Amino acid sequence: MSSTSTTAPPDASSGVSLTHAQIRTILFGLMAGMFLAALDQTIVSTSIRTIADDLHGLEIQAWVTTAYLITSTVTTPLYGKLSDIYGRRPLFITAISIFVVGSFACSFSTSMYELAAFRAFQGLGAGGLFSLALAILADIVPPRERAKYQGYFLAVFGTSSVLGPVVGGSLAGADTILWLAGWRWVFLVNVPIGIIALAVVMKVLHIPHVRRDHRIDWWGAVALIVGLVPLLIVAEQGQEWGWGSARVLGLIALGVVGLIAFVLVEIRMKDEALIPMRLFRAGNFSLGMGANAVIGMVMFGAILVLPLYLQLVKGASPTKAGLLLLPLTLGIMSGSVVSGQLTSRTGRYKIFPVIGTALLAVMMVALQVLSADTSIWALFGFFLGIGFGLGLCMQTLLIAVQNVVPAKDIGVATSSATFFRQVGGTVGVAVFISLLFNTLADKAPAAVQAASGNPAFQAAAAKAAGSQDPGVIRQYLAGLGAQLNADSSFLQKVDPLIARPYQTGFADSTHIVFLVVAICAAIAFALVLLIKETPLRTMSALQERQMEEASLEAETLPAGQAGPGSELSAGVGAPTGAEATDREAAAAGSPVATAEHPAATAPAAVGTATPVKDAPRADGTAASPAGSPRVDGSAVDGGTGRPAASPADEVAQREGAHSLAVTDGRKVSVQELLDRFRADEDRLSRTDGAHQL
């Protein structure tokens with residue numbers, strides 16, 4: 001069982017409501033941390049071949065990527081759970097620090113094995129950079145306002161996707177910079193950025209936290225590692241080892257056993273689990289996790305194949321390919337901004353992932369016309385459409401998940417969404433890479449065979465082979481086809497007439513990949529359609545947690561006393577004095593004077609709670625000043641300057657929004673009362689004359 005120890009006094013009266021300027025200041029620190037991981041991924045992927053050549057380890061370069069992927073994926077849910085217990089700030093600072101130290105170590109690697117080990121250490125920090133930043137945003141911003149702020153985060157991804165290939169190509173291409181090999185600055189560049197991010201976070205990120213003492217789910221963590229590590233290794237190495245090999249099948253079996261053990265452990269650990277299984281009983285949470293995983297496959301599938309097409313077919317360098325993908329980035333950012341602004345203004349969010357997944361499916365089907373002759377302007381149109389569809393989906397699905405979980409589970413919910421998207425993307429990359437190159441093994445020879453009837457192609461092949469013998473020419477062309485899977489750089493070195501059929505074969509091979517991605521997008525569309533659009537909450541997770549803590553503190557105090565550290569005024573805590581007597585009598589059916597209808601002769605009881613003017617409403621919105629409309633559009637009482645009381649307001653004043661009530665002979669939790677208030681107001685706001693009841 002868990003006990004609660006308060007390390008920071010909750011300020012329930014203020015609700016920790018931050019101004020837009022304060023939120024932007026905190027966001028700057030969060031984005032600095034996220035920029036580290038986002039930029040690192042694109043820089044390293046651009047320069048990894050140069051690094052492998054310099055360290056004489058080209059054959060094991062995949063393990064550098066695999067090591068980082070394993071540790072960053074496995075630690076993502078750990079950061080989410082630990083931050084719910086110990087607070088976001090210390091965990092976020094820890095993640096940045098580990099990442100910076102790992103980056104510094106990577107820059108001085110002397111072998112690929114050392115680099116793989118240091119990248120694994122670096123991944124331990126990267127696992128918390130994304131999920132914790134999004135969880136902190138959920139702490140300080142209500143769901144309805146959260147969408148427009150998340151657009152800043154997508155701007156970070158967009159900027160890194162453009163800068164990464166440019167910076168990575170420039171650094172890797174330099175022989176030396178300040179007496180060090182150019183590629184070593186690929187990792188060293190993270191150090192000053194990380195130090196700046198660390199300084200900003202330590203200065204501006206001060207969020208109150210109420211610690212809950214829990215047992216750490218170590219067995220769940222071990223089972224998760226046993227389940228994920230073998231499967232991630234298979235995803236990265238399966239193409240090379242052979243999908244039917246004994247090694248691959250054995251790792252898959254081990255991974256399945258580990259995942260089954262993880263689920264059993266989580267069921268046994270209940271609320272103290274890394275990912276509590278009770279969360280999956282909420283339909284929106286389960287559907288959101290599934291949609292995140294599938295959209296992760298779609299996103300990484302597109303991001304994987306499109307740069308390869310630009311480099312192999314269009315002859316673009318990694319740096320130029322990154323710049324040519326700028327419309328994809330602009331699409332993601334514009335889709336995010338549009339959906340965020342409209343969600344903030346209307347409170348509606350389901351429509352955006354519905355449109356986004358449908359658009360993704362249409363774009364992937366349209367890419368069936370992709371060929372070696374497709375114009376760059378047509379490609380820009382495809383990139384923009386794919387990016388816009390992704391932008392409509394990414395943040396709104398996260399908000400839908402965060403909106404249905406209790407405030408105490410925001411960290412777990414956010415990290416789980418990130419975790420499922422990462423796992424889906426990893427599986428997608430493995431499947432799509434295997435599918436692409438297996439298809440290429442058939443498409444490329446077929447394209448070469450078709451080009452053999454062209455006299456110009458025959459002459460160019462004979463010249464390159466150094467012989468007019470058809471057998472020698474066929475052997476030369478077959479050698480190029482075999483080389484295509486290992487090193488495609490020959491396409492920029494041979495005669496364009498010879499390279500043309502291989503480029504055509506690669507373009508044709510992408511069709512089956514895009515078709516499978518379209519099917520995945522259609523599955524995501526179906527999952528999103530099943531999500532129920534619940535009203536977005538109007539309080540941040542931090543405000544809700546402080547309300548709950550204040551109510552628990554008030555419940556344990558003697559009648560008529562205010563709790564130390566609780567800023568709640570009388571009347572919003574547990575019932576005391578005559579109010580408690582009135583409730584007991586009302587439960588027994590006795591007519592007594594109540595706070596709303598006092599008897600003319602009833603004296604005021606000592607210790608009776610008195611509602612405070614302008615106290616927050618039960619749904620978390622503040623009482624409006626005189627003459628201003630309420631959030632739900634209802635009228636304001638001009639005589640008092642207070643909102644016209646709705647049924648939920650009256651219940652909140654009579655029962656105490658922050659207390660535990662007794663209904664039908666049983667205790668009702670604070671969260672259940674809040675949910676009832678929100679449901680009542682949502683139902684009544686859609687009924688004519690709702691506020692005349």
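In which helix is I267 found? I looked it up: I267 is in helix α9, residues 246-269. Helices here are DSSP runs (H or I, at least four residues), numbered from the N terminus.

Ground rules next. I am reading a predicted model, where local features need pLDDT of at least 70, side-chain atom pairs count only at pLDDT 80 or more, and totals for chains, interfaces and linings use all residues. Residues are numbered from 1 along each chain as its sequence is written, and side-chain values use heavy atoms, with hydrogens and water left out.

**Confidence.** I checked pLDDT (the predictor's confidence in each residue, from 0 to 100). The chain has a mean of 75, and 75% of its residues reach 70 or more. Helix α13 (residues 351-366) has the highest confidence, at 94. Helix α20 (residues 577-588) has the lowest, at a mean of 40. Over residues 562-667 I found pLDDT below 50.

**F514.** I found F514 in helix α18, residues 496-530. F514 counts as buried because its relative accessibility is 1%; buried means under 20% relative accessible area (1.4 Å probe, protein chains only). I then listed contacts (heavy atoms within 4.5 Å). Beyond neighbours within four places in sequence, F514 touches V305, L306, M364, L367, Q368 and L370. Its C-alpha atom is 9.2 Å from that of V298, 216 residues apart along the chain.

**S72.** I placed S72 in helix α2, residues 61-86. Is S72 buried or exposed? S72 is buried, because its relative accessibility is 8%. Neighbours within four places aside, S72 is in contact with G123, A126, G127 and Q422.

Methods:
Helices (H or I, at least four residues) and strands (E, at least two) are DSSP runs, numbered from the N terminus. Buried means under 20% relative accessible area, exposed over 50%, partly exposed in between (1.4 Å probe, protein chains only).
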